[in-house]
Every structure is written in structure tokens, then in C-alpha cells.
Amino acid sequence: MKGKLTFSIAICFLLGLIFAGFLPGSQATAQNESECITCHRDESPGIVDQWLSSAMSGAGLDCATCHGANHMDENDVDEALIPTPDTCAPCHNAQVTQYREGKHALAWAAMEAMPAWSHLPMAVQSIDTYKSCSGCHKVGEKPAEIVEAQDLPYGTAACNSCHTRHAFSREEALQPQACLPCHQGFDHPQWEMWSTSKHGVIYDIDGGGDRAPTCQDCHLIDGTHTNITPWGFLGLRLPEEDEEWMADRAVILQGLGVLDDNGDPTARLDIVSGAKVARLTAEEFNTLRAGIVSVCEQCHSADYVAGQMQASDQILKEADDLMAEAILIIKELYNDGILELPEGYEFGPDLLQFFSTGSAIEQELFVMFLEYRNRTFMGAFHNNPDYMWWYGYAPMQESLQNIRDEAVALRSDGGAVGPQGPPGPTGPAGPAGEAASLWIIWVVAAAAAIALLVSLYVLMMRRKTS
Ligand code: HEC
Ligand code: HEC
Ligand code: HEC
Ligand code: HEC
Ligand code: HEC
Ligand code: HEC
Ligand code: HEC
Ligand code: HEC
């Protein structure tokens, strides 16, 4: 193993020298620094310092290894290449291959598949400045045609998500803080849950050490770059042997638009399997579970761990029961014409619209699902009772009660309630007569506006690439 590693490092080293030697303008030698570095010492001294402190610089690599040598002065800056995982692959094939087998590589595609994403204003999407969803999801790989067109000048490297440029340090990536910028907050507070759990607190008290596990110990087992968990982000799996639980899960899958009214799969099932959103065989689930359990068993007894895992699974089952009731209450409002089914909605409530729904009751449902239900099961698995209960199951109960009350109020108001509020995917719809014709005008206006935006966007992109 060790021999193999030394061998591949030696090969990479040679490759590095070859790269450095053959690319003009980057004759890196011990005494004679490259032109890139000489000039960039003035242009961007921070980058040069960070790079010179890196292991790769020590191994003889230079700026041109990753950015090419077509750019040599301030007039041809556009010619500098911005790296992608393909840039690292010749020397780090193992890490790139592992990364591509896990979920991080899919992050960009998964984000773009969300209906909620496509409704966001371009400034909020910020696909090349990374201020919103894109800022975390750039850990995923962009489609080749976008990269080739250089439509996204930055944020294509992905690998610098955990070992940041230009230090590219293994040590840095091993710190749990490396995961913090993305794994925090609303729907996935793993940082908060771990750092305030017994594990995180021991780590804090000891100032590191190996008495308590870090994110990397449990999720990049033995240093692998393939990250994927049994239950995944949405706590869904198929098949399910427990019939009661399966009935609740079927309702959740309908709420996600993955199953239709009759319980048959829709086109969204392809997204779910393509983006590995859920484990779709028992074998896959069990293999992943065995991996994570083997980590726990380094410090806890097998019995203890089995009990913990079973307890967390059962908590997810209870959460799903509350969730299914809430979804069905709103589904009934659609069935009875109290809420009108917007264009493009198949089932009733559509959880993938996130906040772009037209009614407060559906926004409450979304929060109950993505914030509270996630915190319930994620808190259980990360051994954090505060998150599991006070930020999870307890507010789920509160939301469910709000939804019950709101449904009664809507019914006693009588007429159909059309989506209100900002022009979302739903569009405002009214009861009948005048309101209905207003609704048609709104839909036509919205369609025209979208068509205009799309053509403007296409025009802009053409200009950029030509
Ligand atoms: C004569 C000076 C000079 C030399 C030599 C030089 N650069 Fe630059 N480089 C610049 C300037 C100026 C910029 C723009 C920086 C800025 O806007 O702050 C730049 C920008 C860059 C960028 C950023 C590109 C972008 O789109 O933001 C990269 C990457 C880069 N240089 C890499 C290199 C590499 C690799 C070499 C050697 C092959 C090199 N540079 C040689 C002056 C130089
Ligand atoms: C031409 C070959 C080559 C390319 C291309 C290359 N690397 Fe490296 N990399 C190396 C070598 C050689 C080492 C080993 C340095 C050492 O251990 O002394 C290394 C080490 C590393 C390390 C471990 C550093 C440490 O602290 O031990 C990281 C992380 C890394 N590279 C990331 C990247 C990323 C990310 C890319 C692409 C953006 C990349 N490398 C591109 C050759 C390369
Ligand atoms: C730049 C942001 C970013 C950083 C940094 C980051 N992640 Fe992620 N991670 C994501 C995104 C986005 C996803 C969802 C990808 C998808 O499923 O499409 C994800 C998914 C995951 C998953 C898969 C969960 C599942 O659905 O099975 C695990 C496990 C994970 N990350 C662990 C880590 C660990 C551990 C670290 C730190 C060593 C880390 N991540 C660093 C953004 C990040
Ligand atoms: C703060 C960083 C961050 C932001 C902002 C963010 N995400 Fe994520 N997203 C993540 C992480 C981390 C995960 C994985 C969490 C987990 O598995 O628990 C994730 C998971 C997902 C998944 C699930 C992927 C899967 O296969 O399971 C989708 C889809 C998604 N995000 C879409 C979006 C959209 C759309 C937005 C904006 C409206 C957004 N995200 C905003 C970090 C972020
Ligand atoms: C191992 C690969 C690698 C090497 C070698 C490398 N860079 Fe980079 N560089 C990157 C990555 C990765 C990015 C971020 C790309 C992205 O936005 O996704 C980057 C981005 C940049 C940027 C633009 C972003 C910013 O922060 O301003 C500049 C400028 C730059 N590099 C200059 C340099 C210079 C100068 C050197 C040599 C001292 C160098 N790079 C060596 C990988 C490398
Ligand atoms: C989710 C965070 C994360 C991302 C994203 C990530 N790495 Fe790493 N990387 C790590 C961690 C953690 C380690 C240390 C693993 C260990 O040794 O236990 C590491 C180690 C490495 C090493 C050193 C391996 C060794 O044995 O010395 C290289 C090289 C490397 N990564 C390259 C890459 C490349 C290339 C990419 C992009 C495909 C990438 N990494 C993306 C977290 C990450
Ligand atoms: C003691 C081991 C352990 C540690 C430490 C740990 N996790 Fe987890 N993590 C788990 C388990 C167990 C699951 C659920 C596995 C399953 O689905 O059966 C999980 C699930 C996840 C998921 C998928 C969604 C979810 O939360 O259920 C992500 C993403 C994740 N962890 C990221 C992190 C990050 C980031 C850290 C550090 C801040 C971290 N984990 C620390 C054990 C750990
Ligand atoms: C590197 C060692 C290590 C690993 C790996 C580890 N733990 Fe722990 N864990 C500890 C230590 C030490 C404590 C503190 C025990 C105490 O409170 O006396 C602890 C505490 C706990 C607690 C809280 C116990 C209590 O009495 O409050 C739970 C639950 C737990 N771990 C579950 C797990 C699970 C599940 C895994 C795997 C996903 C895991 N641990 C992995 C070391 C570890």
C-alpha cells in the first residue's frame, strides 16, 4: 500500500516536472522562479504566498500546471484556464474517481433539477458569483458544455471546497470546520448538531484529538472521497418492509411529485435515481449502513450502536406519520376545490416548489417538511437531543396543528382560495367569474414575461460565447 503510494507520488512528481517544463513561461527551478510567480508577487501576493506554502509547490509544480500558459500579461488575462476536477485527475485519479461516485459531484445537477431554483430571479441564482444555492452547490460538477464555453468563469474546480486554493492542504480538509460553510442552517444543520453534541463537545474540550469522531471520520471513511449516506438528505428509501411506514412514505413521495395521484411513478423518479436522492435497493442501504456502523464500533459496543441506529430509524418513522397527515389535509383542500390546482402541479401540494407556493398553508407544509422533519431525523442520527426534539419533532407537532386549524378556517371561508402573493409557479387564481378571467390574463402576462427573459438570456449567452 505504502509502496504503491510512493510510486504514484513519484509518477505525479514526474508529471508535474514534465508539465512545468513543457509549458512556456513556467520554468520553475530551485533558483529561478517562474514568470507567473514573479509577476503575481506584485499582482496577487497572497496567492503566491499560499501557493509557495503548499505541498504541491514543494513538489515542483507551478501556476501553469493548473492555469496553462496562454496568459502572460495583463492584456490576455481571459486566456488563463480555470481548473475543473479534470485538471487534477491526471495526478489524483483516485480522489477524482471517488468524488464522482459520491454525492458531492451531483450537487450542481441536483440544484438545477429543483423547480424552486428555476423560479428564482437571475440575480438570486447568481450562477457565476455564487451568492445563493449556487454558493454551496458548486461543490458539484458543471455540465461539460458550460465549462467548455467558459460561461462560468469561476467556481468550476469543486475540489477546492474542502482544501482551499492555493494552499491545497490535506490537514485543512481534515478539520470538521472544512464542512461548516455548507453543512449548516435551515435544512441541514449538521455543523450545529455535531458541534453541540457530546462528540463535538469532547472534540472542542480536547482541542482536536481522536477521542471523539469528526465529520470526516464518519463520512469520508478511511479518506475516501465518495460521500453518501444510507437515508440521504430527504430520509427516503425504497423498498420498505414496514407497511404502515410505506403508506406514509407513499404520501410523502406524492407530495414530492415522485408518485402521482394513483401512486404510479412520474418523470421525477428519474431525477431521484439519477441524482441518487434515495437508496433504491435494500442492499445499497444496508452496505452503506454497515460502513458507518463500523466507525461507531471503534468506540462503542455493537449492541449499543445497533440500539442507537434502530432508535433513529423509528423516530424517522414517527416523523413521517405526522408529515403524511399534513400532506393529506392539504391534498383534501385541493380535492374539495378550496385550493385550486395550479398549472404543472400533478398531485396537490408540491414540496419541490419550496417557498414559491401561493398559500401560507403550503409554505407551512414546506417548512414542516424541510426544516423540522429534517432536524428530527438528522438530530437523532447526530446524537443531538436538542435538535431532534426542540428544533425537530416538537415544531413538527406545532406545524401540524397550524395546518389543521388553517384548513378549518379556509373551509369556513367557503370559496376556492387561489394562490396569493408573488408571481410564483402557481400564479394567482381566483374563485370564479371575474377573478377567473383575471387569472387567465395573469397567466398570459407571466408566460410572455418568461419568454422575454428566456430570449434575453439566450441572447446574452450567445454574445458571451461569440
Ligand atoms: C506580466 C504580469 C503577469 C504574468 C507574467 C502572469 N500574469 Fe496572471 N495575471 C496578471 C494580471 C495583471 C492579472 C489580472 C489580475 C487582477 O485583475 O487582479 C492576472 C490574472 C491571472 C489569473 C486570473 C484569471 C481570471 O480570469 O481571473 C490567473 C489564473 C493567472 N493570472 C495565472 C497566471 C499564470 C498561470 C501565469 C504564468 C503562466 C501568469 N498568470 C503570468 C499578470 C500576470
Ligand atoms: C501534475 C500533477 C498534479 C496536478 C495536476 C495536481 N496535483 Fe495535487 N499533488 C501533486 C503531487 C505530486 C502532490 C504530493 C505533494 C507532496 O505530498 O509532497 C500533490 C498533493 C496534493 C494534495 C495533498 C496536499 C497535502 O497537504 O498533503 C492535495 C489536497 C492536492 N494535491 C490537490 C490537488 C487539486 C485539488 C488539484 C487540481 C485543482 C491538483 N492537486 C492537481 C500533483 C498534482
Ligand atoms: C461547498 C459546499 C460543501 C462543502 C464544503 C461540503 N459539502 Fe457535503 N454536500 C454539499 C452539498 C451541496 C451536498 C448535496 C449534494 C447532492 O446530494 O446533490 C452535500 C452532500 C453531502 C453528503 C451526502 C448526504 C446524502 O445525501 O447522502 C455528505 C455525507 C456530505 N456532504 C458530507 C460532507 C463532509 C463530511 C464535508 C466536510 C469534510 C462536506 N460534506 C463538505 C456541500 C458541501
Ligand atoms: C448553505 C449551503 C446551501 C445552500 C444555500 C443551499 N444548499 Fe442545497 N444542499 C446543501 C447541502 C449541504 C446539502 C446536503 C445536505 C444533506 O444531505 O443533509 C444540500 C442538499 C440539496 C438537495 C438534495 C440533493 C440530494 O440528492 O439529496 C437539493 C435538491 C438542494 N440542496 C437544492 C438546493 C436549492 C434549489 C437551493 C436554493 C434554493 C439550495 N439547495 C441552497 C447546501 C446548500
Ligand atoms: C493545483 C492547481 C492550481 C495551481 C498550481 C494554481 N492555481 Fe490558481 N486556482 C486554482 C483553483 C482550483 C482556482 C479556483 C477555480 C474556481 O473558481 O473554481 C484558482 C483560481 C485562481 C485565480 C482566480 C481566483 C481568485 O481567487 O482570484 C487566480 C488569480 C489564480 N488562481 C492565480 C494563480 C497563481 C498566480 C498561481 C501560481 C502562484 C496559481 N493560481 C496556481 C488552482 C490552481
Ligand atoms: C468533502 C471535502 C473534500 C472534497 C470536496 C475534496 N477533498 Fe480531497 N481530501 C479531503 C480529506 C478530508 C482528505 C484527507 C483524507 C485522509 O487522509 O484521511 C483529503 C485528501 C486529499 C488528498 C491527499 C491524499 C493523500 O493520501 O495524501 C488529495 C490528493 C486530494 N484530497 C485531492 C482531492 C481532489 C482532486 C478533489 C476533487 C475531486 C478533492 N480532493 C475534493 C476532503 C475533500
Ligand atoms: C459519529 C459519526 C458521525 C459524525 C461525527 C457526523 N455524522 Fe453525519 N451522519 C452520521 C449518521 C449515522 C448519519 C445517518 C446515516 C443514515 O442515513 O443511516 C449521518 C448523516 C449525515 C448526512 C445526511 C443527512 C443527515 O443529516 O442525516 C450528512 C450530510 C452528514 N451526516 C454530514 C455531517 C457533517 C457535515 C458532520 C460534521 C459537522 C457530520 N455529519 C458528523 C454520523 C455522523
Ligand atoms: C472515536 C470514538 C467514537 C466514535 C467513532 C463514535 N463515538 Fe459516540 N461517543 C464517544 C465518546 C467518547 C462519547 C462520550 C461518552 C460519555 O458520555 O461518557 C460518545 C457519546 C455518544 C453518545 C451519547 C452518549 C451519552 O451517554 O450521552 C451517543 C448516542 C453516541 N456516542 C453514539 C455514537 C454513534 C451512533 C456513533 C457512530 C455513528 C458513534 N457514537 C461514534 C466516542 C465515539
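Visitor: Hi! Which helix gives the largest share of the shell around ligand 6?
Guide: Helix 7 does, with three residues. Helices here are DSSP runs (H or I, at least four residues), numbered from the N terminus. This is a predicted model, where local features need pLDDT of at least 70, side-chain atom pairs count only at pLDDT 80 or more, and totals for chains, interfaces and linings use all residues. Residues are numbered from 1 along each chain as its sequence is written, while chains are lettered from A and ligands numbered from 1 in the order in which they are written.

Visitor: How many residues surround ligand 6?
Guide: There are 20, and the closest are Cys88, Cys159, Cys162, Ala173 and Gly223. A residue is near the ligand if its C-beta atom, placed from the backbone, lies within 6 Å of it. Helix 6 (85-88), helix 7 (93-101) and helix 13 (170-173) are the elements giving two or more residues to this shell.

Visitor: OK, new topic. Why does the span of helix 20 agree with its number of residues?
Guide: Helix 20 has 34 residues (302-335), which at 1.5 Å a residue should span 50 Å, and its end C-alpha atoms are 49 Å apart. The expected span is 1.5 Å times one less than the number of residues.

Visitor: And what do the buried residues of helix 20 pack against?
Guide: They pack against helix 17 (243-255), helix 21 (360-381) and helix 22 (385-413). Among those buried residues are Ser312, Leu316, Ala319 and Met323. Buried means 20 or more other C-beta atoms within 10 Å of a residue's own; exposed means 12 or fewer, and partly exposed is in between.

Visitor: What comes just after helix 20?
Guide: Gly337, which takes a positive phi of about 75°.

Visitor: How many residues are in the largest nonpolar core?
Guide: It has 46, and Ala319, Met323, Leu365 and Met368 are among those with the most contacts inside it. Helix 21 gives the largest share of this core, 10 residues. Such a core is a set of buried Ala, Val, Leu, Ile, Met, Phe, Trp, Tyr and Cys residues joined through C-beta atoms within 7 Å.

Visitor: Where is Phe377, and is Phe377 buried or exposed?
Guide: Phe377 sits in helix 21. Phe377 is buried because 24 other C-beta atoms lie within 10 Å.

Visitor: Which residues is Phe377 in contact with?
Guide: Leaving aside neighbours within four places in sequence, Phe377 is in contact with Trp231, Gly235, Ser312, Ile315, Leu316 and Ala319. Contact means C-beta atoms, placed from the backbone, within 7 Å.

Definitions and conventions. Two residues are in contact if their C-beta atoms, placed from the backbone, lie within 7 Å.
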